[in-house]
Amino acid sequence: MRIVFAGTPEVAVPSLRRLVEGSEHDVVGVISRPDAVSGRGRKVHRAPVAELADTHGIPVITPRRLGEPEVAETLQGWAPDAGAVVAYGGLVPPPLLELPTHGWINLHFSVLPAWRGAAPVQAAIAAGDATTGASTFRLEKGLDTGPVYGVLTETIRDTDTSGELLDRLADAGAGLLVDTLSGIEAGALTPVPQPADGVSHAPKVEVDDARVRWDLPAHIIDRRIRAHTPAPGAWTTHGDLRLKLGPVAIADSTAPEKLAPGEVHVTKKAVFVGTGTTPVRLGPVQAPGKKPMPATDWARGARLDEGSVLG
């Protein structure tokens, strides 16, 4: 089939690569978000999906809005049989939904109808789910409400960060997307409406959502920090400084029996912080303008007093 691919970040790259290098489908065009300014040097960076398309000589458009008239004109010229969407970062407007012959097929990183929305992997880890997965479904006007073509499942490991889990789902999901498109082409797949039960939502994670609340139980703090690693990055404060935190560990018998929420206890080998239940042992800590470092190195440099409090 002639495929238009819409995607932007690194997580969408495995799907585009599988379509281009490992399938019989013909990717005739790519839609990606506009180049963005990022990094300390504030340089303009091409989106990872657009970069991969460039290396294969595939035409790329980067509209600010998919509702721009030029987008519809370009799509009509590409004459796609189907659209494939993976983490594009914007909604496909209703006038474009029926433009491809078979519509738009979205690869979403949850088992729908669970965790509809922008941050399904983060939500699954934060909620303590034991499993998650990926779904392919046909886009419609509602947010992630369309009928489902295929599903795969993936175990959430006790130490998974959202980055690690998303990498696994992106690789496995690429195969699911290609299989779905091939099944549609063969007339072998009929999408199934999502059930009304089991719906949950995963809105975009904002920076303030990633602030650590030390009054919560230790296991909740552990999940939330892993859910927000690497993006947007869990954080807390020490005085006027904002500290970015890597994953923590629920403390063992070497920790003090009780610390007040946010209270810090430093030993030669570990830095413990109090929570609403048992303490946690800090992992990597990143101070402003610094690289991530072991918590003990940070504590020595910060010259913490006994009874110092985070947050």
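**Entry 1. The model.** I worked from a predicted model, in which local features need pLDDT of at least 70, side-chain atom pairs count only at pLDDT 80 or more, and totals for chains, interfaces and linings use all residues. Residues are numbered from 1 along each chain as its sequence is written, and side-chain values use heavy atoms, with hydrogens and water left out.

Entry 2. Over residues 205-302 I noted 18% helix and 22% strand, with the end C-alpha atoms 30 Å apart. Helices (H or I, at least four residues) and strands (E, at least two) are DSSP runs, numbered from the N terminus.

**Entry 3. G173.** I located G173 in helix α6, residues 162-186. Is G173 buried or exposed? G173 is buried because its relative accessible area is 0%, and buried means under 20% (exposed is over 50%, partly exposed in between; 1.4 Å probe, protein chains only). Apart from neighbours within four places in sequence, G173 is in contact with S15, L107 and L152, where contact means heavy atoms within 4.5 Å. I also looked up V86, 87 residues from G173 along the chain; their C-alpha atoms are separated by 9.6 Å.

**Entry 4. The cavity.** On a 1 Å grid over the protein atoms alone, a cavity is a set of points where a 1.4 Å probe fits but cannot get out; a pocket is an open set with protein on both sides within 12 Å along at least five of seven lines; lining residues have an atom within 4 Å of a point. Grid points are joined across faces, edges and corners, and a volume is the space filled by probe spheres set on the points. I found one cavity of 30 Å³ or more. The largest cavity holds about 70 Å³ of space. Helix α7 (residues 218-227) gives the most to its lining, with three residues.

**Entry 5. The pocket.** I recorded a volume of about 1,300 Å³ for the largest pocket. Of its 43 lining residues, A87, G89, G117, A118 and A119 lie nearest its centre. Which helix gives the most to this lining? I found that α6 does, with six residues.
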